[in-house]
Amino acid sequence: MQMGQWLQRVREERPLVHNITNLVVTNVAANTLLSLGASPVMAHAHEEVADMVAIARALALNLGTLDPYTVTSMDLASEAANRRGVPIVLDPVGAGATPYRTQAAMRLLEARSIQVLRGNQGEIGVITGAGGEVAGVDAKAAGAGLVDAMMRFARDHGLIVAATGERDLVTDGEVVYELENGHPWEAAITGSGCSLTAVIGAFVAVSDGTKGGLLEATVAAITCFNVAAEMAAEGASGPGSFQVRLLDALYAVTPGDVDARARIWRG
Amino acid sequence: MQMGQWLQRVREERPLVHNITNLVVTNVAANTLLSLGASPVMAHAHEEVADMVAIARALALNLGTLDPYTVTSMDLASEAANRRGVPIVLDPVGAGATPYRTQAAMRLLEARSIQVLRGNQGEIGVITGAGGEVAGVDAKAAGAGLVDAMMRFARDHGLIVAATGERDLVTDGEVVYELENGHPWEAAITGSGCSLTAVIGAFVAVSDGTKGGLLEATVAAITCFNVAAEMAAEGASGPGSFQVRLLDALYAVTPGDVDARARIWRG
Amino acid sequence: MQMGQWLQRVREERPLVHNITNLVVTNVAANTLLSLGASPVMAHAHEEVADMVAIARALALNLGTLDPYTVTSMDLASEAANRRGVPIVLDPVGAGATPYRTQAAMRLLEARSIQVLRGNQGEIGVITGAGGEVAGVDAKAAGAGLVDAMMRFARDHGLIVAATGERDLVTDGEVVYELENGHPWEAAITGSGCSLTAVIGAFVAVSDGTKGGLLEATVAAITCFNVAAEMAAEGASGPGSFQVRLLDALYAVTPGDVDARARIWRG
């Protein structure tokens, strides 16, 4: 797989990604998409989410600070997205921490056709039935058998499952990719996972929508983001400067950088 | 016009600007006002918006992530502002992207006395009837005849209209100013337009409230913000560091810097 | 008091702090806790706040952009926290600016057992009956007799009261500490007070819950935060870079730095 060409395609097409996300990361997710070269829009009013989906090329849903109003926003937006063939990326932030979040994630996965599910290994463990412990919104430990559970879940629901962590796992139910790029400081800032979800939205937006295309787009999105994180960490003095440099790196990273640094293993 | 003295007046009087703004930019708008030397407050509860307007010197309304609750907040706050003579700056983020946003903007413009309308050229084209295309919250292209439409709209509604972009246009319906300061990276970060709207709030707060005063305050606000952006861009490595340096520059920029760098043309 | 050991304990135990906070500071409060070594979670849905409190070790409530939904969130969360013995830190942002905020703060203080009340001197003056003027969310002037009023209020309500400003005052009703660390730029960025409230949550989370423990934890939290602010200000060029460096400093500050720099006076 040539990952760099995916980044180039995102920058050429500048897809509009409609985000319904949490209150913590709205700003950083929007800036991440802008820095990378995509176009973000945030909208949650029941009156307009379907209209916004209609002009967007991907829908990114994030359960981070869910409430009943936003649950309905996501329901309406995902219904419109399915009707129009707009791909959906779902980030089940905090699934497993409270029943409310777990159930909201499961309901969306049952009621709608979701194209990519991305969470940390704890959240994905809970959703796929592999177990794992989630304290708040941080993953504690992925349960044993995570890969098997992810593959089964991906097949059963016909989607791509990505569990990010020190190593990132991505599967379509048949093939598993293991991704080694990234930097520990990603876990020291809030919203890096949520921003990555938005980035996956930008990449699947420029894919052909096939299972193979969605899988490759997801692998490419995670790799590009994590390569930028590695570049950002060089010269950073802590989480604050890392975060600033991450936006600079997302803006500066070239397809060549991505291809040169990519560490992807096919299982 | 001496623009620098407007900045000095803002810093001396430190006006309180009441913002009802979108979820993406609350933090950056507040920090922008603080860095410049004004005082921000954010409040949207129906129970308190009128009380907050009563102690504020300007009200900045931003339609970025509108929902029915916030629509009512803006309705109540603008009613109180009109009653008390507190100037209102309206930012119709995403007008034209969905009917909900366009209609919310139009309703406020019809029902209330708004002093300044500021948007990007796409949004202002939609509102003033000049046409133009809005994809999400980015302007695509200003329609032909934008200046004419802006002047007519300004006269009909008795307000100042500002359409920002590579060149910024400001009119009271009689005179048109064309402003050339600024930097392309302003479009690479989220919230620069929204922050500018809040800054206009701070400048009109220290004006005499006449049509001429509001016009000059708006021109001064845009010029000061864009001069700071130029200073911030020098030495920035990308959108992340630009954003940080912009807050530093808003804090450091002097009236003399503004007067030395201002590029304002009266049409 | 050895302040540095408190910081070490926070980093070792990495307590989960549940925040119900305002829209301006959600991101910066979460990043502050992460940088320091604690674990943040934000959740406000009525359906889950009690469940989230059940896995948290402290609850931080912030009235900054209050609305009726959030008032109920805080009511439910604080009820659960009292039932489970989870300590609560309350930040009455803007108390005195509008009746709505003042009353919301007073209702929480009457209905629940709050462990620490932290605000700026204007807000604390209003709440404790010492007077003082609050314009928006900035303190204008602490009323005379602030210390006496704080002590009386602390005794009457059985809590720790902290009024931060150029000098910070902390009392349990018997002893008063006066803290001199910090930097004027803390007032030039939004959310420094709100972030400090979240940090107090992390410190009381690792205390023994006694009056003496809560008092010392509060003094330690303010001192650690303000020492980091001093370190951040060295080499900063303005509020933007100060904010970035503050997160770096919260990550880098050692117990030894805190003990070497602490300027604490017992009154």
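Okay, ground rules. The model is predicted, so local features need pLDDT of at least 70 and side-chain atom pairs count only at pLDDT 80 or more, while totals for chains, interfaces and linings use all residues. Residues are numbered from 1 along each chain as its sequence is written, chains are lettered from A and ligands numbered from 1 in the order in which they are written, and side-chain values use heavy atoms, with hydrogens and water left out.

Let's start with the annotation. An unreviewed UniProt entry puts the feature "binding site" at A:Arg118 and A:Thr164. A caution on that: UniProt positions are given in the numbering used here, feature names are shortened, and annotations may be inferred rather than shown by experiment. The two residues are spread over 47 residues of sequence, yet they cluster in space, with a largest C-alpha distance of 7.4 Å.

So where does A:Arg118 sit? It's in strand 5 of chain A, residues 116-120. Helices (H or I, at least four residues) and strands (E, at least two) are DSSP runs here, numbered from the N terminus. And is A:Arg118 buried or exposed? Buried, because its relative accessible area is 3%. The cut-offs are under 20% for buried, over 50% for exposed and partly exposed in between, with a 1.4 Å probe and protein chains only.

Leaving aside neighbours within four places in sequence, A:Arg118 has contacts that include A:Asp91, A:Pro92, A:Cys194 and A:Thr197. By contact I mean heavy atoms within 4.5 Å. A:Thr164 is a partner too, and there the two side chains make a polar contact at 2.6 Å. That term needs a pair of N or O atoms within 3.5 Å; within protein, one must be able to donate a hydrogen and the other to accept it, and residues adjacent in sequence count only if both atoms are side-chain atoms.

Over to A:Thr164 itself, which is in strand 8, residues 160-164. It counts as buried because its relative accessibility is 11%. Besides A:Arg118, and again skipping neighbours within four places in sequence, A:Thr164 touches A:Gly119, A:Asn120, A:Gln121, A:Leu196 and A:Ile222.

The unreviewed UniProt entry also has "binding site" at A:Met42 and A:Gly191. A:Gly191 is in the loop between strand 10 (176-179) and helix 8 (192-205), and it is buried at 8%. Not counting residues up to four places away in sequence, A:Gly191 touches A:Val25 and A:Val28.

A:Met42 takes us towards chain B. It's found in strand 2 of chain A and counts as buried at 7% relative accessibility.

Keep B:Arg101 in mind, as it forms a salt bridge with A:Glu48, the closest N and O atoms being 2.9 Å apart. The rule is a side-chain nitrogen of Lys or Arg within 4 Å of a carboxyl oxygen of Asp or Glu. On the side of chain A that touches chain B, helix 2 gives the largest share, 6 residues.

The contact takes 26 residues from chain A and 29 from chain B. Chain A and chain B bury about 2,200 Å² between them, 60% of it on carbon and sulfur atoms. That area is the accessible area (1.4 Å probe) that two parts lose on being put together, summed over both.

What about chain C and chain B? Here 29 residues of chain C are in contact with 26 of chain B, and the buried area is about 2,200 Å². The salt bridge joins B:Glu48 and C:Arg101, at 2.9 Å from N to O. Helix 5 (99-111) and helix 10 (239-252) of chain C each supply at least two residues of the side that touches chain B.

Last, symmetry. A rotation of 120° with 0.0 Å of shift along its axis superposes chain C on chain B, with an RMSD of 0.0 Å. The two copies are therefore related as by a three-fold rotation axis. In chain C, C:Leu23 comes closest to the axis, at 4.0 Å (C-alpha). The copies use different surfaces: 7% of the contact residues of chain C recur in chain B.

Key:
Least-squares fit on C-alpha atoms with pLDDT ≥ 70 in both.
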